[in-house]
Amino acid sequence: MGAYIGIDLGTTFCAISVLDDTGRPTIVNIPDKKIAPDGNIISSCVLFQKDKAIIGDQARRALQLHRKAFGRFKRDMGTSKTYKLDGKEVTPFDLSTIVLSELKKIAEEQLGDIEKAVITIPANFANEARDQTLSAAKKAGLDVDYIIDEPTAAALCYAFDNKVELHGNYVIYDLGGGTFDVSIIKVNGQNIEVLSSSGIAQLGGDDFDKELITLVMEKFKEETGKEPELDENGSWDLYNLSVAETDKKSLSKRAKCIAGGDDGIEDEIIEIKRADFEKRISTLLAQTEMLCESTLDEAGLTVNEIEDIILVGGSTRIPAVKASIERVFKKEPIIGGNVDEMVALGAALYAALKSDKQGLNSMQKASLKQIKVADVANHCFGTIALSYNEITKQEEYQNVIMINKNTKLPVKKVEDMATVHNGQTSLKLTVTQSTSPETDPKFVKIIWEGTMDMPPNRPEGQPIRITYSYDENQLMHCVFEDVNSGKSEEAEVNLDTDKLEDSAIDKFLVD
């Protein structure tokens with residue numbers, strides 16, 4: 001039997017993990033320092049050179065200077081975003097597949113055969129992004145049955161690794177390079193129940209870096225009288241995202257720094273104060289604070305009922321982030337482990353937990369015996385139907401919620417509806433997604449739509465049964481059934497990887 005691995009496919013960094021022989025999750029070492037200088041985490045970047053694709057640190061260093069280098073594409077998963085490459089186009093799906101292919105290769109070199117893998121995703125990922133992540137993993141050759149939300153994985157790692165048995169409500173505050181997630185969990189020993197979970201797809205360290213670049217550009221103009229010269233993509237080569245990230249880390253340790261390092265920018269000494277940087281990112285932090293408060297409300301808890309706030313993600317090292325957390329929860333957050341590795345470690349535990357256990361030794365089986373995880377839906381799902389509006393006192397199309405946000409998974413819900421016209425021969429079918437139980441169709445996202453033909457010459461009121469099944473991967477399966485005729489239509493929300501068209505990944509080899 002092969003190994004069961006966990007993969008944290010992050011916006012800025014990735015990591016691979018596995019249970020060691022004693023039953024503890026551990027990060028898989030990467031011996032190639034060109035890929036991972038510290039041997040543990042890999043930059044989520046891809047550099048194309050001729051007919052090869054290179055990932056990791058070399059690609060990260062080329063990111064701002066090379067048009068054939070790509071990073072932070074995880075933020076665009078599930079969208080129609082494309083990137084230009086030698087007159088062709090590559091997608092976030094293509095780039096994620098390349099990274100996952102290399103991670104699989106590294107894991108096999110260190111561990112041998114890989115039996116199963118679990119991939120982590122942000123809690124706020126929409127269905128399309130979840131589908132594409134799962135599809136990319138399978139196209140990369142990984143046998144993946146489960147994906148897991150990043151805060152849930154971190155919670156699993158924290159509860160497993162804690163030397164004192166935990167009981168009570170905890171907050172998992174996950175602020176990485178590209179996304180922000182917050183989850184409220186209830187822990188009873190090694191049993192974990194997610195009470196509520198929310199996130200922001202486009203908020204992370206990357207956005208802090210961009211704010212720092214804007215701040216430095218303003219100070220450069222103010223102190224030198226020169227306009228920063230931008231390239232055709234609107235970037236300032238003298239002070240790019242990589243340089244800004246280094247200065248951001250410096251400001252986390254000291255009250256001020258010289259922009260661009262000790263030599264400055266073009267020999268100009270531009271001093272950046274931490275206080276100025278914190279002012280620039282204050283509106284971003286305000287968004288995280290509002291989300292924390294709403295997630296706490298959704299869990300039905302007050303700050304006094306929270307035991308601890310556990311930090312996850314590299315951006316939690318910023319002092320202003322910790323101060324923001326204290327403002328919301330009225331207590332200092334704690335570091336439960338390596339903030340860059342907790343998600344991957346939790347994924348390894350989940351991979352082994354969900355396995356058939358045949359490839360595990362007795363110590364590994366014993367360490368997993370008491371672990372239980374109950375996750376929740378991170379969006380509301382419904383369908384659009386003609387309904388009676390209590391406010392307007394008339395029938396109109398409304399979004400009917402089938403599964404509410406924070407419903408425990410897996411779940412199956414059945415709703416009986418009916419046709420509304422005599423002689424009705426077709427139904428327009430929809431599956432909707434929203435962040436709250438929204439009834440107005442204008443404010444929901446249609447993630448699937450279709451039609452169903454029905455027999456003619458029937459009176460109104462023919463029963464239509466709708467069934468929504470929501471699995472542990474937070475993927476939807478819906479069935480619309482005309483009860484009397486037995487005819488039905490199914491909504492397959494997840495992508496069928498066997499039917500995906502060949503993409504740019506097939507044209508490159510991973511170096």
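Helices (H or I, at least four residues) and strands (E, at least two) are DSSP runs, numbered from the N terminus. The structure is a predicted model, in which local features need pLDDT of at least 70 and side-chain atom pairs count only at pLDDT 80 or more, while totals for chains, interfaces and linings use all residues. Residues are numbered from 1 along each chain as its sequence is written, and side-chain values use heavy atoms, with hydrogens and water left out.

The description starts with H379, which is placed in the loop between β18 (372–374) and β19 (380–389). With a relative accessible area of 7%, H379 is buried; here buried means under 20% relative accessible area, exposed means over 50%, and partly exposed lies in between (1.4 Å probe, protein chains only). The C-alpha atom of H379 is separated by 7.0 Å from that of N404, although the two residues are 25 residues apart along the chain.

The loop between β20 (394–403) and β21 contains P410. The peptide bond that joins L409 to P410 is cis, with omega near -5°. N406 also lies in the loop between β20 and β21, and its phi is near 70°, a positive value in a residue other than glycine. The relative accessible area of N406 is 16%, so this residue is buried. A positive phi, of about 60°, is also found at N457, which is not a glycine. N457 belongs to the loop between β23 (445–453) and β24 (463–470), and at 74% relative accessibility N457 counts as exposed.

On the surface, L386, Y397 and V420 form a nonpolar patch with about 270 Å² of accessible area together. Patches are made of residues with over 30% relative accessible area and no salt bridge, where like charges are joined within 9 Å and nonpolar side chains (Val, Leu, Ile, Met, Phe, Trp, Tyr) within 5 Å. The areas come from the Shrake-Rupley method with a 1.4 Å probe, and for residues only the protein chains shown count as cover. V420 is located in the loop between β21 (411–418) and β22 (426–434), and its relative accessible area of 34% makes V420 partly exposed.

The next topic is charge pairing. Side chains of opposite charge can pair when their charged atoms come close. A salt bridge is defined as a side-chain nitrogen of Lys or Arg within 4 Å of a carboxyl oxygen of Asp or Glu, and by this rule the count comes to 29 salt bridges. One of them joins K74 to E150, with the closest N and O atoms 2.6 Å apart. K74 lies in the loop between β7 (69–71) and β8 (83–85) and E150 in helix α4 (residues 150–161), so the pair ties together parts that are 76 residues apart in sequence. K74 is buried, at a relative accessible area of 7%, and E150 is buried as well, at 6%.

Another salt bridge links K256 and E271, whose closest N and O atoms are 3.7 Å apart. Because K256 lies in strand β15 (residues 256–258) and E271 in strand β16 (residues 271–273), this pair ties together parts that are 15 residues apart in sequence. K256 is partly exposed, with a relative accessible area of 46%, and E271 also counts as partly exposed, at 32%. E227 forms a salt bridge with K221, where the closest N and O atoms are 2.8 Å apart. In that pair, E227 is exposed at 51% relative accessible area, whereas K221 is partly exposed at 43%.

At least two lining residues are supplied by each of β2 (13–19), β4 (42–43), α5 (205–224) and α6 (241–251), and α6 gives the most, with 4 residues.
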